[in-house]
Amino acid sequence: MAHLRRGGLVFDAVRIDSEAEFLAALDPSEDWDVIVSDYNLPGFSGLVALDLLKASARPIPFILVSGEIGEDTAVEAMRNGASDYLLKNNLSRLVPAVMHGVEVHEVHLARLRADQELGASKQRVHELVQHLQTSVEGERAAIAREIHDDVGGSLTALKFDLAWIARHTDSPEVQSRVNSALETVTHAIEASQRIMHNLRPAILEQGLVAALQWMTSRFERRTGIQCQFRSRHAHLSLPAGVPLVAYRTAQEALTNVTKHANATEVNIDLTLAGGVMSLEVSDNGRGLNPDDLAKARSFGIRGLHERAGTVGGWVDLSSSSFGTTLILSVPLDIVDETEDAAHLELPEAGTPAPDDYDPTSWGDL
């Protein structure tokens with residue numbers, strides 16, 4: 001303490017003489033900047049004190065001072081977490097050692113606080129993203145219902161009226177105009193159905209497997225790219241939110257294939273093993289380069305990561321000149337309830353949905 005005062009330090013110090021006192025002083029309510037310990041202590045040693053400090057998980061600098069400490073003992077103390085060691089015949093290093101220990105300790109505490117703040121910030125961002133995803137899907141569902149109830153109903157009624165006019169007129173000109181109007185209305189109904197499906201995939205009510213089968217066959221017919229869906233599961237009972245995340249992930253992946261991959265073949269695999277659902281979408285396209293992933297406003301892949309996080313999952317992306325593979329993994333707290341397709345009269349995995357299947361039909365209209 002005299003050496004510290006001569007070094008210009010102002011401090012408060014407490015002297016500890018026993019293991020019990022040392023343990024009491026390590027109470028979290030006590031705030032210490034540094035521990036300066038003799039090697040030989042009444043009833044226990046400085047190395048034991050160091051072990052007790054480690055067991056407390058408190059990152060307090062520990063400086064060992066002794067007149068008889070050997071090199072092996074000093075090395076052991078440093079390996080166990082001591083900040084420094086000094087010989088009593090050379091206490092001129094005490095002040096610099098204490099100052100260095102305190103500085104390192106403060107930097108460590110600052111880093112811990114920064115890590116905690118960063119973790120809290122990430123959690124807030126994650127919660128915000130989850131809220132936004134939920135809000136967006138809710139808005140999409142509401143818009144889809146309005147299209148179904150208002151636009152769809154009006155278009156269907158208009159189609160009936162045009163059909164009635166066509167049946168009750170003999171004028172060739174009127175017939176021609178009515179037929180043209182019927183064709184326009186039919187295209188408008190189809191467009192409304194397509195928009196409604198993109199907003200809210202009603203096919204998911206039939207299950208994720210059926211939805212991915214339908215998406216695969218629809219993608220192949222629309223783009224001409226060979227697309228195969230494989231799964232040994234005929235039906236999966238998944239927690240709420242997971243089917244929609246998987247569906248949107250596959251939808252985004254196929255959109256990227258259409259826009260960027262120049263692929264001729266796409267494979268979609270859905271598995272459930274070890275309590276983890278995995279959805280893999282792979283293509284044989286040109287692959288992605290680092291510049292594609294580093295674009296400042298490239299939100300597609302980032303959005304997939306955030307969307308997966310809303311259900312506790314994650315996305316892995318790998319790419320080469322032979323193609324790109326995207327894997328969505330979601331841990332599930334459920335038992336694999338797969339049913340045998342042979343007993344269910346369901347289409348075999350990979351079989352396209354019927355051409356006349358319409359998951360966005362107008363229902364009771």
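Predicted model: local features only at pLDDT ≥ 70, side-chain atom pairs only at ≥ 80, totals over all residues.
Residues are numbered from 1 along each chain as its sequence is written, and side-chain values use heavy atoms, with hydrogens and water left out.

**Overall make-up**

- Out of 365 residues in the protein, 35% count as buried (buried is under 20% relative accessible area, exposed is over 50%, and partly exposed is in between, with a 1.4 Å probe and protein chains only).
- Take the contacts in the protein with a separation of 6 or more: 69% of them come from residues 24 or more positions apart (a contact is heavy atoms within 4.5 Å).

**The largest pocket**

- Its volume is about 1,200 Å³; a pocket here is an open set of points on a 1 Å grid over the protein atoms alone, where a 1.4 Å probe fits, with protein on both sides within 12 Å along at least five of seven lines.
- Grid points are joined across faces, edges and corners, and the volume is the space filled by probe spheres set on the points.
- There are 34 residues lining the largest pocket, and Ala13, Val14, Val34, Ile35 and Val36 are the closest to its centre (lining residues have an atom within 4 Å of a point).
- Helices α1 (2-6), α2 (19-25) and α5 (94-167), along with strand β1 (35-38), each supply at least two residues of that lining.

**The five-stranded sheet**

- An open sheet is built from five strands in the order β6-β7-β8-β10-β9, with mixed pairing (two strands pair if DSSP finds at least two bridges between them).
- The edges belong to β6 (226-230) and β9 (314-320), each with a single partner strand, so one side of each has no neighbour in the sheet.
- On average, neighbouring strands of this sheet are turned by 10° against each other, direction ignored (axes are lines fitted to C-alpha atoms, for helices over the stretch in contact, and angles run from 0 to 180 degrees between N-to-C directions).
- Helix α7 (residues 208-223) packs on the sheet and touches β6, β7 (265-273) and β8, with its direction at about 170° to that of β6.
- Helix α8 (residues 242-261) lies across β6, β7, β8 and β10, and runs at about 10° to β8.
- Seven bridges join β8 (residues 276-283) and β10 (residues 323-331) in the antiparallel sense.
- Strands β9 and β10 are also antiparallel, over seven bridges, and they make a hairpin with two residues between them.
- In that pairing, Val315 has Leu328 in β10 as its bridge partner.

- Ser282 sits in strand β8, opposite Thr325 in β10, and is buried with a relative accessible area of 15%.
- Beyond its neighbours within four places in sequence, Ser282 contacts Glu265, Val266, Asn267, Thr324 and Thr325.
- Ser66 belongs to strand β4 (residues 62-66) and counts as buried because its relative accessibility is 2%.
- Skipping neighbours within four places in sequence, Ser66 is in contact with Asp38, Tyr39, Leu86, Leu87 and Lys88.
- Val36 is part of strand β1 and counts as partly exposed at 43% relative accessibility.
- Not counting residues up to four places away in sequence, Val36 touches Ile63, Val65 and Val98.
- Val36 and Asp84 are 48 residues apart in sequence, with 9.6 Å from C-alpha to C-alpha.
- Thr134 lies in helix α5 and is exposed, with 55% relative accessibility.
- Along the chain Thr134 and Arg307 are 173 residues apart, yet their C-alpha atoms are separated by 9.9 Å.

How values were computed
Helix = DSSP H or I, 4+ residues; strand = E, 2+ residues; numbered from the N terminus.
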